[in-house]
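Subject: Handover of a structure

Dear colleague,

Please find the structure below, followed by an account of what was found in it.

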Amino acid sequence: MILKKDSVVTLAHGGGGTLTQQLIEEIFVPAFKNSYLTPLNDSALLGLNSSRIAYTTDSFTVDPVFFPGGDIGYLSVCGTVNDLAVSGAEPRFLSVGMIIEEGLKFSELEKIVKSIKKAADEAGVVIVTGDTKVVEKGKGDKIFINTSGIGEFTKDLTLIPSNIKPGDKIIVNGEIGYHGMAVITARESFGFSNVINSDVAPLNRIIKKVVESGARIKVMRDATRGGVATVLNEIAGSAGFTIEIEEERIPVAEIVRGACELLGFDPLYVANEGIVVLFVDSADAEDVIRIMRKEKYGEKSRVIGTVTDRSEGIVVEHTSIGSTRVLDLLTGEMLPRIC
Amino acid sequence: MKYIDEFRKLGPALSIVKSIEKKAGNQQMTFMEVCGTHTMAIARSGIRQMLPENINLISGPGCPVCVTPNSTIDYSIELARRDNVIITTFGDMMRVPGSYSSLAKERAKKSNIKIVTSTIDALEIARQNPHKKVVFIGVGFETTAPTIAASILIAEKENIKNYFVLSAHKVMPPPMDVLSRGDIPLNGYICPGHVSAIIGSKSYDFLPEKYGIACVVAGFEPLDILKSIDMLADQVARSNPSVETEYKRVVTPEGNIHAKAVMNKVFEEDDSEWRGIGVIPKSGLKIRSNYKMFDAEEKFSVDLPPVKEAEGCLCGEVLQGKVIPTDCPLFGSVCNPSEPVGPCMVSTEGTCAAYYKYLRSER
């Protein structure tokens with residue numbers, strides 16, 4: 001081992017020479033050893049069974065890099081895996097591009113790389129190619145990561161908002177608001193006695209179970225920045241139907257609700273990294289819930305609302321005191337750099 | 001008791017609404033709230049829809065950011081443009097338009113403006129940047145003023161020489177006095193919750209005594225607000241105005257004596273300009289002369305360009321309850337949360353923002 005654990009990444013490690021080689025061989029290859037990546041060619045050569053593929057990319061700038069329940073590495077894989085999964089595709093291959101600020105400790109980089117591997121293994125995807133750059137101190141913020149992913153369709157699905165019809169049910173797989181609150185409470189020194197953990201998780205396996213059941217899924221989205229309310233607004237706006245949800249039915253953990261109330265946030269607008277919102281045919285809703293509750297990350301699945309036949313593309317919430325309110329789109333940044 | 005759950009129950013809500021209907025009868029009653037958090041809580045919970053038609057809820061000058069005049073924002077911006085100055089501010093002030101610019105626009109040019117969640121952070125920035133002058137923009141009512149005062153006392157104790165406060169604080173009962181003599185016939189006030197936690201409910205005694213206006217100090221949950229309206233309707237129906245407290249779990253008649261002492265040690269009352277209303281005597285807080293080394297206005301002399309108000313903006317009238325946001329010709333079209341013309345649209349406690357977010361689509 002040539003790289004010392006307490007030493008740091010320097011500009012030279014991004015230069016393309018022997019130090020870059022060292023970085024790749026001592027940190028990246030051991031973690032990502034596989035037949036696609038190990039040849040270390042300029043491109044990974046891949047084969048797919050289906051001719052219909054899904055492709056997505058996402059960049060991660062989360063601050064802090066290590067947060068309760070996860071880190072930027074684990075997050076960067078789950079984010080892209082989930083984007084592929086909600087389109088109905090099975091995620092297969094990922095690329096990982098890193099922009100490292102000079103001064104990042106090798107021990108931290110190794111931890112992040114191990115998290116990437118852990119997430120990839122859990123999701124059953126392969127990291128097939130990557131890139132690393134190093135920038136001067138002050139020109140980055142520890143580390144930024146971009147991942148892009150390829151998935152393939154094993155079923156003929158086109159999941160888009162225009163599929164939805166009045167009567168369709170809206171389902172979430174669990175309690176909302178964990179990720180955003182985990183990051184904000186870790187970042188600021190609020191002195192909460194309880195730690196809120198991020199819900200970051202790869203959802204492709206649970207989604208695959210629902211897809212394979214034959215249930216009529218209309219559209220799915222992962223509710224990241226802007227939360228469930230933002231996803232619902234986007235879909236209502238695209239589809240041109242009013243969506244109604246019930247405040248009482250929305251699953252929120254006590255600890256998240258408490259933190260939200262204290263800080264003035266609405267859990268419906270807080271970012272998640274392990275929540276999928278599904279629109280399904282009403283006749284299939286019960287079955288879908290049953291299937292999801294048997295799976296990891298789906299134990300607390302719930303129907304939270306319905307698509308109405310009113311043609312205004314807004315989201316309306318029935319509150320617990322019997323009134324209704326419109327859930328509008330957020331303007332401005334509620335919480336910066338949470339994913 | 002689980003306060004969030006218990007104060008949001010359907011059953012009690014409906015029975016309080018029935019009680020309000022009975023007490024109000026056919027009498028037209030207008031109640032004003034003067035607390036930005038109440039503005040938002042009322043809009044968010046959809047309470048207006050549940051009340052009988054003869055109860056009219058209006059918003060007053062309860063949003064501290066909204067009542068801050070353009071001159072304060074312009075002054076903060078001029079300071080931000082100076083070398084070696086770091087501006088620290090609550091996030092709410094960032095996007096409020098001044099005469100020519102906003103702190104958010106300035107931050108995009110020069111990164112010396114920092115959002116803080118409390119003066120604890122501002123003091124830390126001062127400690128870590130001894131060669132810079134750190135100015136905290138002190139906007140708020142009595143809820144925040146004691147913590148700002150405490151920060152000055154800490155700075156004094158630690159001999160921090162580069163920490164300054166721009167005191168734009170305002171205090172609450174005085175505008176209620178002005179509005180009670182104004183054009184709008186008010187039957188009662190929903191009195192602020194957290195301001196009252198500091199100043200005490202006795203501070204409103206003059207309102208029923210001098211003007212015969214009912215007062216109830218209200219909490220922020222839907223049931224708190226409904227119950228307070230019920231109590232107000234009761235006072236008005238029986239022509240028996242007084243000051244009552246619904247928010248008993250937090251508010252006492254005397255308030256928080258320690259917080260008041262800290263506030264009064266550092267600040268003294270001064271005349272202050274309120275957007276839309278004008279100068280109200282003894283309605284603001286000025287840093288006392290023995291703490292003037294922390295007073296930004298003492299330290300920095302600034303040549304302000306002429307103060308301009310945005311054309312067509314009706315924030316001033318909205319703040320006095322004379323118009324509702326949807327009456328403003330700019331509302332929703334030219335003025336919206338992404339491109340606000342006036343502070344009432346951009347502040348998280350602004351009346352126009354509350355209407356835009358929750359009441360725009362109400363039929």
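Two strands are said to pair if DSSP finds at least two bridges between them. Helices (H or I, at least four residues) and strands (E, at least two) are DSSP runs, numbered from the N terminus. This is a predicted model, in which local features need pLDDT of at least 70, side-chain atom pairs count only at pLDDT 80 or more, and totals for chains, interfaces and linings use all residues. Residues are numbered from 1 along each chain as its sequence is written, while chains are lettered from A and ligands numbered from 1 in the order in which they are written.

Chain A contains 8 helices and 13 strands.

An open sheet of chain A is built from 7 strands in the order S8-S10-S7-S11-S9-S12-S13, with mixed pairing. Strand S8 (217-222) and S13 of chain A each have a single partner strand and stand at the edges, so one side of each lacks a neighbour in the sheet. S8(A) runs antiparallel to strand S10 (residues 276-280) of chain A, and 5 bridges join them. Within S10(A), A:Val276 is the bridge partner of A:Asp222.

Chain A is divided into domain 1 (11-152) and domain 2 (161-326), with bounds that come from an automatic or database domain assignment. The centres of these domains of chain A, taken over C-alpha atoms, are separated by 28 Å. In contact (C-beta atoms, placed from the backbone, within 7 Å) are 22 residues of domain 1 of chain A and 21 residues of domain 2 of chain A. On the side of domain 1 of chain A that touches domain 2 of chain A, helix H2 (72-86), strand S4 (90-101) and helix H3 (106-123) of chain A each supply at least two residues. H2(A) gives the most to that side, with 9 residues.

The contact between the chains takes 15 residues from chain A and 20 residues from chain B. On the side of chain A that touches chain B, helix H7 (254-263) and strand S13 (324-326) of chain A are the elements that give two or more residues. S13(A) gives the most to this side, with 3 residues.

Yours sincerely

Note on methods
Two residues are in contact if their C-beta atoms, placed from the backbone, lie within 7 Å.
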